Amino acid sequence: MPADAKPRALLPVRPLLLLSIPFLSLLLLYGYSSSAPPLPNARASPPNPHIRMRRGAAFRSYDDYLRHQLNKTLDPRLRRVWATRDWRRKVDAFARAFRALQAEGLLSNASRALCVGARLGQEVAALRLVGVPDAVGIDLAPAPPLVVRGDFHAQPFGDGAFDFEFSNVFDHALYPDRFVAEIERTLRPGGVAVLHVAVHRRGDKYSANDLLDVDGLLALFRRSEVVRVSKVDAFGLDTEVVLRKKRSP
């Protein structure tokens with residue numbers, strides 16, 4: 001990520017995203033349906049009384065799960081909404097959340113930041129807007145220049161690559177333990193992870209799990225310490241979980 005990226009250059013990416021929607025949708029749906037590699041060593045997550053898995057038995061393969069997720073991510077109508085009327089509203093909301101984290105010393109302008117499951121990249125745009133230029137997102141469908149292609153069950157980055165990670169898509173994880181393990185793997189020791197989740201609320205038809213109690217999520221972070229758990233009003237999500245990766249195992 002170029003260190004001299006300018007926040008004001010972020011919003012003009014929307015016309016490019018709109019023009020690319022039909023072609024990108026066809027290309028990615030074909031690519032995943034014909035050649036997507038299976039998740040290495042994929043297995044069902046261990047039972048967790050605080051996390052209720054959904055639809056697991058309906059997926060014939062991991063490839064089937066990916067295609068199901070892409071049906072939402074690549075929906076032309078949704079992408080048009082995300083890139084137009086939702087864009088400024090979400091960028092501003094994320095920016096407020098990130099400024100609060102900056103005020104707490106949990107995020108700095110020098111942080112290398114990752115947004116997990118970033119769709120078109122509103123979170124990434126917000127990070128750059130508040131002065132964190134080295135920020136990038138991953139999603140099954142890339143949205144250049146803010147979001148690169150990546151699977152949150154197997155992040156395409158090395159160990160300890162990031163100082164800060166944010167996600168609001170935990171409910172889409174088919175393997176919640178692997179989702180968390182990848183965040184902890186790619187966070188440096190002392191790095192901060194922030195998740196926005198819905199507790200006791202059923203997600204949409206693309207959710208793979210329902211979080212019944214925040215303890216179910218906290219128990220998955222075996223290499224991190226809880227900084228705080230607080231209420232948040234974030235597009236249907238009601239809880240903000242902040243964790244810091246331990247500096248030693």
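Colleague: Which residues of α6 are the buried ones?
Modeller: Pro176, Asp177, Phe179, Val180, Glu182, Ile183, Glu184, Arg185 and Thr186. Buried means under 20% relative accessible area, exposed means over 50%, and partly exposed lies in between, with a 1.4 Å probe and protein chains only. This is a predicted model, with pLDDT of at least 70 needed for local features and 80 or more for side-chain atom pairs, while totals for chains, interfaces and linings use all residues. Residues are numbered from 1 along each chain as its sequence is written, and side-chain values use heavy atoms, without hydrogens and water.

Colleague: How many helices and strands are in the chain?
Modeller: Seven helices and nine strands. Of the 249 residues in the chain, 52% are buried.

Colleague: What makes helix α5 mostly covered?
Modeller: Seven of the eight residues in α5 (residues 122-129) are buried. Gln122, Glu123, Val124, Ala125, Ala126, Leu127 and Arg128 are the buried ones.

Colleague: What covers the buried residues of α5?
Modeller: The cover includes α3, α4, β2 (113-116), β3 (135-139) and β5. Contact means heavy atoms within 4.5 Å. After α5 comes Gly131, with a positive phi near 100°.

Colleague: Why is α3 called oblique to α4?
Modeller: Helix α3 (residues 76-83) and helix α4 (residues 85-103) pack at about 55°, with axes 3 Å apart. Under 35 degrees would be roughly parallel, over 145 roughly antiparallel, and 65 to 115 roughly perpendicular; the rest is oblique. That angle therefore makes α3 oblique to α4. Axes are lines fitted to C-alpha atoms, for helices over the stretch in contact, and angles run from 0 to 180 degrees between N-to-C directions.

Colleague: Which residues of α3 and α4 meet?
Modeller: From α3, Val81, Trp82 and Ala83; from α4, Arg85, Asp86, Trp87 and Lys90. The set divides into four nonpolar, no polar and three charged. Ala, Val, Leu, Ile, Met, Phe, Trp, Tyr, Cys and Pro count as nonpolar, Asp, Glu, Lys and Arg as charged, and the others, Gly among them, as polar.

Colleague: How many aromatic pairs does the structure hold?
Modeller: It holds 11 aromatic pairs. Rings of Phe, Tyr and Trp (its six-membered ring) pair if their centres lie within 6.5 Å; planes under 30 degrees apart are stacked, over 60 edge-to-face, and the rest tilted.

Colleague: What makes the pair of Phe94 and Phe235 tilted?
Modeller: The planes stand 55° apart, with centres at 5.8 Å, and the pair counts as tilted. Phe94 is in helix α4, while Phe235 is in the loop between β8 (224-234) and β9 (237-245), 141 residues apart.

Colleague: How do you know whether Phe94 is buried or exposed?
Modeller: Its relative accessible area is 5%, so Phe94 is buried. Phe235 comes out at 36%, so Phe235 is partly exposed.

Colleague: Why is the pair of Phe98 and Phe164 called edge-to-face?
Modeller: The angle between the planes is 85°, and the centres are 6.1 Å apart. Phe98 is in helix α4 and Phe164 in strand β5 (residues 162-167), 66 residues apart. Phe98 has 0% relative accessibility, so Phe98 counts as buried. Phe164 is also buried, at 0%.

Colleague: Which residues do ring pairs link into a cluster?
Modeller: Phe94, Phe98, Phe164, Phe166 and Phe235.

Colleague: How do you know that the charged end of Lys90 sits over the ring of Phe235?
Modeller: The charged end is 5.2 Å from the ring centre. The rule asks for NZ of Lys or CZ of Arg within 6 Å of that centre and within 35 degrees of the ring normal. Lys90 is therefore counted as sitting over the ring of Phe235.

Colleague: What is the phi of Phe235?
Modeller: Phe235 has a positive phi of about 55°, although it is not a glycine. Arg119 is another non-glycine residue with positive phi, near 50°. Arg119 lies in the loop between β2 and α5.

Colleague: Which peptide bond is cis, with omega near 0°?
Modeller: The bond from Pro144 to Pro145. Pro145 is in the loop between β3 and β4 (147-149).

Conventions. Helix = DSSP H or I, 4+ residues; strand = E, 2+ residues; numbered from the N terminus.
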